[in-house]
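Colleague: Could you please take me through this model?

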Amino acid sequence: MNKYTAKEIDNYIYVKNDGGKDIAYAKNSGVKLLEVDGYYFKDLNNNGKLDPYEDWRLPIEDRVNDLAKRMSIEQIAGLMLYSGHQAVSTGDELFAKMFAGTYDGKSLKESGKEISDLTDEQKKFLSEDKVRHVLLTVVDDAKTAAKWNNNIQAFVEGIDLGIPINISSDPRHAPSGDSEFNAGAGGDISKWPEPLGLAAAFDPELVRRFANVASKEYRSLGIATALSPQVDIATDPRWMRFNGTFGEDSKLSADIAEAYCDGFQTTEETGEWGKESVNAMVKHWPGGGSGEGGRDAHFGFGKFAVYPGNNFGDHLIPFTEGAFKLKNGTKKASAVMPYYTVSYNIDKKNNENVGNSYNKYLITDLLRNKYNYDGVVCTDWLVTKDCPNMASFLSGKCWGVEKMDEAERHYKILMAGVDQFGGNNEMKPIIDAYEIGIKDHGEAFMRKRFETSAKRLLKNIFRTGLFENPYVDPDYSETLVGNKEFMQEGYDAQIKSIVMLKNKNNVLPIRHKKKVYIPKRRVKDGVDWFGNVIPAHEVFPVKDTIVEKYYTLVETPEEADFALVFIESPDSVGYKEKDGYVPITLQYAPYTAEFARKESIAQDENDVIKNRSYLGKSNTCSNEQDLYIILETKAAMKDKPVIVSMNCKNPTVVQEFESKVDGILINFNVQAQAILDIVSGKEEPSGLLPFQMPQNMKTVEEQFEDVSHDMKCYVDEEGHSYDFAYGMNYSGVIRDNRVKKYGR
């Protein structure tokens with residue numbers, strides 16, 4: 001008989017099988033252990049015998065096949081659901097407020113319970129709708145997240161067939177600009193650049209290391225699936241999700257996609273799947289970066305992706321040559337998410353212009369058959385819900401199938417080859433779709449269709465080890481997540497992501513103890529993605545305590561040796577309820593579209609508005625004041641240096657201010673401390689542009705939405721072209737091996 005040891009951690013028992021796989025089970029779940037051949041196994045269905053799916057000695061394929069056959073249609077339907085956003089936070093974050101639940105019918109405070117306890121809503125969708133995939137958003141801290149994970153895993157371990165929860169997350173490593181690099185060490189997660197910043201380092205191995213660190217932190221939070229990376233090539237510079245991509249180049253994006261997925265999915269000690277592996281859900285098939293006019297498909301007004309340059313194939317490269325060709329043993333990204341967009345006139349087989357998740361040509365013919373992708377395909381969130389307002393962010397995105405009901409939409413998606421429905425906690429429309437399928441194809445066909453998806457979904461839960469041990473040690477999580485080493489690595493990556501565009505007369509670096517003037521930013525009133533009104537306000541862009549570690553902060557330009565102006569790239573949207581379609585502008589001053597198309601490419605007979613052209617219409621970005629703050633500061637500083645630091649979410653027309661300033665640094669949501677390290681010379685800039693900076697809005701309007709590298713680039717007063725892979729260090733323009741490999 002083999003030996004084993006057991007110990008109690010939090011609310012579960014951890015059992016170490018000598019010579020076998022370790023397992024864990026909740027004390028109060030009702031699950032008992034089975035001893036077979038000297039090893040211990042969990043009796044997940046409580047039938048008193050070891051079934052193949054419970055036997056960790058068997059190949060995963062055998063276990064998956066056994067469990068899929070045992071599942072009822074209702075249980076498979078629950079497996080096909082991916083919950084709406086869940087928050088485990090008592091803070092003031094938007095998500096915490098929007099997605100707060102009740103506890104025995106009371107608020108958290110009234111109930112006397114902990115935030116790590118399950119809400120009434122969670123218990124309902126887990127038990128009644130049999131949801132086993134849950135999206136986690138904000139959490140109070142690592143220990144709280146670990147405890148919540150243990151509670152939710154214990155809840156489902158004792159019901160149905162004991163299938164554990166696959167918890168997922170959108171990217172969560174972005175820093176807060178005004179925090180110091182070690183803020184929250186030991187509790188908060190490590191801070192790395194936004195994806196666009198990772199791309200600016202032009203170093204796939206840096207991204208592989210990020211993903212490896214992130215996977216360790218995710219698993220310590222209970223997270224086993226990353227709803228990332230976003231590998232759409234951002235071929236239109238106006239797209240509002242540009243900063244979530246790896247830029248506009250398909251080759252660089254493919255290399256980073258491979259490193260990202262491989263780093264997340266590979267457990268270092270095994271070189272393949274293991275206890276530190278996190279499923280990567282690569283998105284958004286077949287690429288969403290070519291929205292007409294730069295508009296985004298979260299909104300009805302931006303539902304069409306267009307291909308005026310006949311460049312559809314380039315958008316597939318980050319998937320087919322990156323995410324589907326991993327270096328290590330996991331081989332390919334374990335899941336794919338199609339985007340909301342209608343890939344306009346791409347489907348020549350069925351001639352359908354429907355959202356990508358509904359399109360059988362894109363999912364079955366292209367993704368599955370041509371590119372042999374056999375992993376999970378999950379819709380983006382809320383694609384089966386109605387959209388009563390084309391400018392609404394939170395409503396459904398049923399593009400191209402608006403006249404269908406929910407059951408018909410679910411059925412069409414299943415028949416297209418998709419396995420899972422994002423943002424849906426309710427089983428009923430899937431069961432209704434099953435009944436439609438029985439009428440069309442018979443019950444045997446539909447049962448087989450459901451089992452096909454069940455096997456794909458179960459495989460991702462099995463190979464991350466959740467069936468053996470879905471629990472995490474809260475004390476260990478608190479120690480590992482955001483530890484000093486990970487924080488330092490993330491901070492170092494932030495430094496590497498900063499791009500210096502201009503350094504006139506070698507004004508940078510400016511050494512310590514100089515006097516600096518930093519103007520406040522003036523932000524006019526606006527509305528966020530969720531429709532919340534943001535009142536006009538002024539804000540000091542960086543904490544004075546951070547600045548004072550480098551320079552003496554003064555209140556007026558007259559006192560200063562130099563000025564440092566913090567701005568953001570222009571922000572605007574392409575539709576207004578009052579004005580209809582308007583241009584998305586990448587300049588600060590008011591813009592009128594003189595060079596836009598007279599007729600939009602996409603035409604939809606079901607829409608009230610057929611022609612989406614905005615020719616002759618005007619728009620102004622919400623942060624127009626950033627430009628005027630620069631010009632005012634320059635006038636006040638006279639001949640003294642003015643340095644601009646831009647948080648860059650999109651390529652920007654810098655023509656409006658470039659010649660007025662001495663230095664320009666762009667970053668992708670890094671901490672202000674990293675910027676000051678560059679300005680002061682403590683660190684040297686090494687980042688490169690992962691996109692082109694346009695000469696003006698004329699070239700933006702005339703470029704093709706689906707084509708990379710097709711704009712006239714801005715050339716500054718020193719003759720430097722702000723093209724893809726351009727950047728400077730303190731010796732001048734960078735011309736290293738990265739530029740040779742990826743530059744044009």
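**A loop and beyond**

Modeller: D37 lies in the loop between β4 (32-36) and β5 (39-43); strands (E, at least two residues) and helices (H or I, at least four) are DSSP runs, numbered from the N terminus. This is a predicted model, in which local features need pLDDT of at least 70, side-chain atom pairs count only at pLDDT 80 or more, and totals for chains, interfaces and linings use all residues. Residues are numbered from 1 along each chain as its sequence is written, and side-chain values use heavy atoms, without hydrogens and water.

Colleague: Is D37 buried or exposed?

Modeller: D37 counts as exposed because its relative accessibility is 60% (exposed is over 50%, buried under 20%, partly exposed in between, with a 1.4 Å probe and protein chains only).

Colleague: And what is phi of D37?

Modeller: It is near 55 degrees, a positive value in a residue other than glycine. Most residues other than glycine have a negative phi.

Colleague: What about N669, buried or exposed?

Modeller: N669 counts as buried, at 18% relative accessibility. It is placed in the loop between β30 (663-667) and α19 (672-680), and its phi is near 65 degrees.

Colleague: New topic: which residues touch the most other members of the largest nonpolar core?

Modeller: They are W285, L458, F657 and I666, in a core of 203 residues (buried Ala, Val, Leu, Ile, Met, Phe, Trp, Tyr and Cys joined through side-chain atoms within 4.5 Å). A second, separate core has 14 residues, including F299 and Y581.

Colleague: Is the peptide bond from W285 to P286 cis or trans?

Modeller: That bond is cis, with omega near -5 degrees. P286 is found in the loop between β11 (279-285) and β12 (304-305).
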